[in-house]
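Trainee: I would like to go through the pocket and the core of this model. Can we take them in turn?

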Amino acid sequence: MSLLDRTVWSSLTTRQSALALGDAARALRFKPDYGMFVAAADASPEARAAMAQLVTPAGAAEVEIEFAAPPPPGCSVVSERLVHQMVMTTLNPAPARNIAIVPLTEADASEMRALAEFTKPGPFFARTHQLGDFVGVKLDGKLAAMAGERMQPTGYTEVSAVCTHPDARGRGFAGVLMSHVCANIIARGEQPFLHTYADNTGAIGLYEKLGFTFRTEVRMRVLVRD
């Protein structure tokens, strides 16, 4: 079984264990400031019950491939979407187009979160930007596009938070930023992967051009406490 079969669990029990809350024998989640992902150790009633205790009032996303289980006790599913997991085998970098890529730091945190909340590439919280390296493009001193890293099972790093302000779209920023992020991941001896909504055909087309291929389909469920 690949670590990507259980990405959340694999991340929180390996390289990102310092960001985990819960019991490594039963269930874990990312600390809420970093992310909303939660996973059970297995499909046992004990593990599912432990996972339920990690769902905050604001909700948590359950991303699981291995277990086709009902919601944990005391929780309800408020939304569910199909997600494609894609992995990169060979990087086909996007044309550079003289785009200036800048590393994003703690000083950019508020702008990063504002851009993510405006464009909605996926959940982004107060410390999501600390999950890995992020880069961006700035226009007139303002953040116009960014891309970075999220979950990191051993040997892999997820490309995430790829977004561009509507006023800056159509200029190739996403492809160039993703190429930069993926090149850095590969240089570390790791394999880039990502998750994207199954109906986001435009984004999937870009990812395929860059060298990502479909690996599997997962369901992302957002849970809340009853």
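Trainee: Which element gives the most residues to the lining of the largest pocket?
Mentor: This is a predicted model. Elements that give two or more residues to this lining are β9 (156–164), α4, β10 (191–197), α5 and β11 (212–225). With 7 residues, the top contributor is β9.

Trainee: How many residues line the largest pocket, and what is its volume?
Mentor: Closest to the pocket centre are P121, V162, T196, N200 and Y207. The lining has 34 residues in total. The space in this pocket is about 810 Å³.

Trainee: Which element gives the most to the largest nonpolar core?
Mentor: That core has 23 residues, and V159, M178, Y207 and F212 have the most contacts inside it. Two or more residues come from each of β5 (75–88), β7 (134–139), β8 (142–149), α4 (173–187) and α5 (201–210). The largest share, 7 residues, comes from α4.

Trainee: Which residues is V159 in contact with, leaving aside neighbours within four places in sequence?
Mentor: Contact here means heavy atoms within 4.5 Å. With those neighbours set aside, the partners of V159 are G148, M178, V181, C182, I185, P192, F193, L194 and F212.

Trainee: How many residues are in the other core that lies apart from it?
Mentor: Its members include L19, Y34, A39 and A61. The count for this other core is 20 residues.

Note on methods. Residues numbered from 1 in each chain as written. Predicted model: local features only at pLDDT ≥ 70, side-chain atom pairs only at ≥ 80, totals over all residues. Heavy atoms only, no water. Core = buried A, V, L, I, M, F, W, Y, C linked by side-chain atoms within 4.5 Å. Buried < 20%, exposed > 50% of the residue type's maximum accessible area, 1.4 Å probe, protein only. Helix = DSSP H or I, 4+ residues; strand = E, 2+ residues; numbered from the N terminus. 1 Å grid on protein atoms, 1.4 Å probe; cavity = no way out; pocket = protein on both sides within 12 Å on 5 of 7 lines; lining within 4 Å. Points joined across faces, edges and corners; volume = space filled by probe spheres on them.
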